[in-house]
Amino acid sequence: YILWIGRKLNILIPNSRYKEAEGWRNFARIVPIGSTSVEELPQAPQVSVNGGDIKISGDYASVEVYGISGSRMPLTGLAPGVYIVRVDGRTLKVIAGR
């Protein structure tokens, strides 16, 4: 099983003996399946709209805004309407200009 968290790759394995095996030891973090360790996951960026401006809080690498026709739009000065916002691969619809 492979689980992506942020930009780090964590790998879940049946037991910890893989840590020493050739190739496997190159992973930054190996977590045995059934491990009881708890780690706080990074929070996803939050998207909000204020009038015609889209605001994104939190850490993110990329953001794209598209109009309903599919054309790329800026983050600010948007006319009232529905927009598609894509932040680090997560996509949602927002209504601007209310």
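Biologist: Which side chains meet in a salt bridge here?
Modeller: The side chains of R86 and E64 do, at 3.9 Å from N to O; a salt bridge is a side-chain nitrogen of Lys or Arg within 4 Å of a carboxyl oxygen of Asp or Glu. The pair links distant parts of the chain, since R86 lies in strand β8 and E64 in strand β6 (residues 63-67), 22 residues apart. Strands (E, at least two residues) and helices (H or I, at least four) are DSSP runs, numbered from the N terminus.

Biologist: And how many salt bridges does the structure hold?
Modeller: The structure holds one salt bridge.

Biologist: Is R86 buried, exposed or in between?
Modeller: R86 counts as partly exposed because its relative accessibility is 36%. E64 is also placed in that class, with a relative accessible area of 21%. Buried means under 20% relative accessible area, exposed over 50%, and partly exposed in between (1.4 Å probe, protein chains only).

Biologist: What kind of model is this?
Modeller: It is a predicted model, in which local features need pLDDT of at least 70 and side-chain atom pairs count only at pLDDT 80 or more, while totals for chains, interfaces and linings use all residues. Residues are numbered from 1 along each chain as its sequence is written, and side-chain values use heavy atoms, with hydrogens and water left out.

Biologist: What pLDDT does the chain average?
Modeller: The chain averages 77, and 56% of the residues score at least 70. pLDDT is the predictor's confidence in each residue, from 0 to 100.

Biologist: Which element has the lowest mean pLDDT?
Modeller: Strand β1 (residues 2-5) has the lowest mean, 44, whereas strand β7 (residues 72-73) has the highest, 96. Over residues 1-7 the pLDDT stays under 50, and the model has twelve contacts for them beyond four places in sequence. A contact means heavy atoms within 4.5 Å.

Biologist: How many helices and strands are there?
Modeller: The chain comes to zero helices and nine strands.

Biologist: And how much of the chain is buried?
Modeller: Buried residues make up 19% of the 98 residues. The chain exposes about 7,300 Å², of which carbon and sulfur atoms supply 52%. Such areas come from the Shrake-Rupley method with a 1.4 Å probe; for residues, only the protein chains shown count as cover.

Biologist: Which residues form the largest nonpolar core?
Modeller: That core has ten residues: I54, I56, V65, L78, Y83, V85, V87, L92, V94 and A96. Strands β5 (53-57), β8 and β9 (90-96) each give two or more residues to this core. A nonpolar core is a set of buried Ala, Val, Leu, Ile, Met, Phe, Trp, Tyr and Cys residues joined through side-chain atoms within 4.5 Å.

Biologist: What is V87 in contact with?
Modeller: Leaving aside neighbours within four places in sequence, V87 is in contact with P45, V47, I56, Y60, S62 and V63.

Biologist: Now the outside: which residues form a nonpolar patch on the surface?
Modeller: I68, V82 and I95 form that patch, with about 290 Å² of accessible area together. Patches are made of residues with over 30% relative accessible area and no salt bridge; like charges are joined within 9 Å, and nonpolar side chains (Val, Leu, Ile, Met, Phe, Trp, Tyr) within 5 Å. V82 sits in strand β8 (residues 81-87) and is partly exposed, because its relative accessible area is 35%.

Biologist: What does G81 touch?
Modeller: Not counting residues up to four places away in sequence, G81 touches V94, I95 and A96. The C-alpha atoms of G81 and V94 are 8.4 Å apart in space, and the two residues are 13 apart in sequence. G81 belongs to strand β8 and is partly exposed, at 24% relative accessible area.

Biologist: Turning to the loops, where does D88 lie?
Modeller: D88 lies in the loop between β8 and β9. Phi of D88 is near 50°, a positive value in a residue other than glycine. D88 is partly exposed, with a relative accessible area of 38%.

Biologist: And where is the place of G58?
Modeller: G58 is in the loop between β5 and β6, and is exposed because its relative accessible area is 53%. The C-alpha atoms of G58 and Q43 are separated by 7.6 Å, although the residues are 15 apart along the chain.
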